[in-house]
Amino acid sequence: MQKNVGTLDALIRITLGLVGLAYCASAKRRRFPLCLAIHSALKVAEGVTRFCPIIAIFGKENRKLS
C-alpha cells in the first residue's frame, strides 16, 4: 500500500475524525451519530495510514513528490 495522502491532509483527516467521534460519543440515541462515527473512524484510519482508497481508485495523489 503506497502512501497517497500528504502530511497536512493526514493531520486534517485525523483532527476532523476525532472531532466527529467526540460528537458521536456525546450524542444521545439517534441513528445519525452511528453513521457519523463510522465515517469519522474511517477518516482517522486514513490519516494514520496516510492511504485513501478513493484517491487510489481515481489514480491521484494529494502529497507533494520531492
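Let me start with residues 6–25, whose end C-alpha atoms lie 28 Å apart, and whose span is 95% helix and 0% strand, where helices (H or I, at least four residues) and strands (E, at least two) are DSSP runs, numbered from the N terminus. UniProt, in an unreviewed entry, places the feature "transmembrane region" at residues 6–25; its positions are given in the numbering used here, feature names are shortened, and annotations may be inferred rather than shown by experiment.

Before I go on, please keep in mind that this is a predicted model, in which local features need pLDDT of at least 70 and side-chain atom pairs count only at pLDDT 80 or more, while totals for chains, interfaces and linings use all residues. Residues are numbered from 1 along each chain as its sequence is written, and side-chain values use heavy atoms, with hydrogens and water left out.

Now to the whole chain: the protein chain has three helices and zero strands, and along the sequence this reads as α-α-α. Of its 66 residues, 24% count as buried, that is, under 20% relative accessible area, with exposed meaning over 50% and partly exposed in between (1.4 Å probe, protein chains only). Among contacts (heavy atoms within 4.5 Å) between residues at least 6 apart in sequence, 70% join residues at least 24 apart.

In space, valine 19 lies 8.0 Å from serine 40, C-alpha to C-alpha, although the two are 21 residues apart in sequence.
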